[in-house]
Amino acid sequence: MTRILKEPLLHFAVLGVGLFVLYRLITGNAPSIADEIVVDAPRIAALAEQFARSWRRPPTVAEVEGLVENYVRDEVLYREGLALGLDRDDPVIRSRVRLKMEVLGDGPESNVAENELLAWLDEHPDRYATPARYDMRQVFFDPAKHAAHDTALESALHRLQHEPEADTSTLGDQTLLPDVLNDVTEKDVASQFGDELAAAMRQAPAGEWFGPVTSAYGEHLLRVRVLAQEKAAVLADVREPVERDVRYAHDQAARDALYARLRARYTIRIERSDQSALGAALAAQPQ
């Protein structure tokens, strides 16, 4: 027993227990600031205002009590989640925090000068122009059904160039793609046939059959009629979207500048040595 009483570890344990008891006697059960949740009058008013906006009426006394209790519940669970580290490596939380940081980089809203609006419109004319409109007919040829030297496409084109109004139902191959599109823009055509075919409409000989034009589906013969040419925009007609885009560009530039300043605080180390691990991870992805 005497030898146990002389053990240094026992002395440290007794001292630790004594200090803990002394601390509890001095501080009692008073919560620390970190453990205190204050729901003050402005917070309650904000909760009630949010309720009124959603429900188009003020909340009752019982509903206010419920709003307060729900706020306290959120705060308790949020703080406990942070304490457990549940916010770490969560892509949704990371995205929200990133968005809030980027908003901090937005400069104060200010008037945009007229010359800046004009310069922006000159740099991005296609974005605001009224697009050209077309009528289009097409005959489809499935590459899987025609050999390299098959003359079916050439024969069909020759016939249509001499008989533009010929019945196209007997030409080409069956497809779920539309044979005719009326009063459409290049964007409309691209949504159904792809960008490559839509772009070919710009150089189409007016009212004549031409081709073949390649799309992701196969080969096409086209006949295009221009209903209205593209019309360049003037600032008076597109001031609102131009001003909106200029303001967005300002905000994005401010966010990029903020990021550059913040990034400069860090040492960035990107380790790319283990290419085998990267290759294995990419190979495991579903195709």
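Trainee: How many bridges join strand 3 to strand 4, and do they run parallel or antiparallel?

Mentor: There are 4 bridges, and the two strands run antiparallel. Within strand 4, Leu 222 is opposite Phe 210, and Arg 223 is the bridge partner of Trp 209.

Trainee: And how many bridges join strand 1 to strand 4?

Mentor: Strand 1 and strand 4 are joined by 9 bridges, and they also run antiparallel. Arg 137 has Arg 223 in strand 4 as its bridge partner. Arg 223 is also the partner listed for Trp 209.

Trainee: Stepping back, how many helices and strands does the protein have?

Mentor: The count is 12 helices and 4 strands. Buried residues are 22% of the 287 in the protein. The accessible surface is about 22,000 Å², with 56% of it belonging to carbon and sulfur atoms. For contacts between residues at least 6 apart in sequence, 68% join residues at least 24 apart.

Trainee: What about confidence? What pLDDT does the protein average?

Mentor: The average pLDDT is 84, and 82% of the residues score at least 70. Residues 9–17 are below 50, and that stretch has 4 contacts in the model beyond near neighbours in sequence. Residues 19–23 also stay under 50, with 1 contact beyond four places in sequence. Where pLDDT is low, the predicted coordinates should not be read in detail.

Trainee: Noted. Which residues have the most contacts inside the largest nonpolar core?

Mentor: Met 136, Val 189, Phe 193, Leu 197 and Val 224, in a core of 18 residues. Two or more residues each come from strand 1, strand 2, helix 9, helix 10, strand 3 and strand 4. Apart from that core lies another of 10 residues, including Phe 141, Leu 160, Trp 209 and Leu 221.

Trainee: Take Val 189. What is it in contact with, leaving aside neighbours within four places in sequence?

Mentor: Val 189 is in contact with Met 136, Leu 181, Val 184, Gly 194, Leu 197, Ala 198 and Met 201. Met 136 and Leu 197 are also listed with Val 189 for the most contacts inside the core.

Trainee: Now the loop between strand 2 and helix 9. Is Thr 185 buried or exposed?

Mentor: Thr 185, found in that loop, is buried because its relative accessible area is 8%, and the cut-off for buried is under 20%. Not counting residues up to four places away in sequence, Thr 185 touches Pro 131, Ala 132, Arg 133 and Tyr 134.

Trainee: Which residues of helix 4 are buried?

Mentor: Val 68, Tyr 71, Glu 75 and Gly 81. An α-helix has 3.6 residues a turn, so residues three or four places apart point the same way. Helix 3, residues 41–55, is included in what covers the buried residues of helix 4.

Technical notes:
Residues are numbered from 1 along each chain as its sequence is written. This is a predicted model: local features need pLDDT of at least 70, side-chain atom pairs count only at pLDDT 80 or more; totals for chains, interfaces and linings use all residues. Side-chain values use heavy atoms; hydrogens and water are left out. Buried means under 20% relative accessible area, exposed over 50%, partly exposed in between (1.4 Å probe, protein chains only). Contact means heavy atoms within 4.5 Å. A nonpolar core is a set of buried Ala, Val, Leu, Ile, Met, Phe, Trp, Tyr and Cys residues joined through side-chain atoms within 4.5 Å. Two strands pair if DSSP finds at least two bridges between them. pLDDT is the predictor's confidence in each residue, from 0 to 100. Accessible areas come from the Shrake-Rupley method with a 1.4 Å probe; for residues, only the protein chains shown count as cover.
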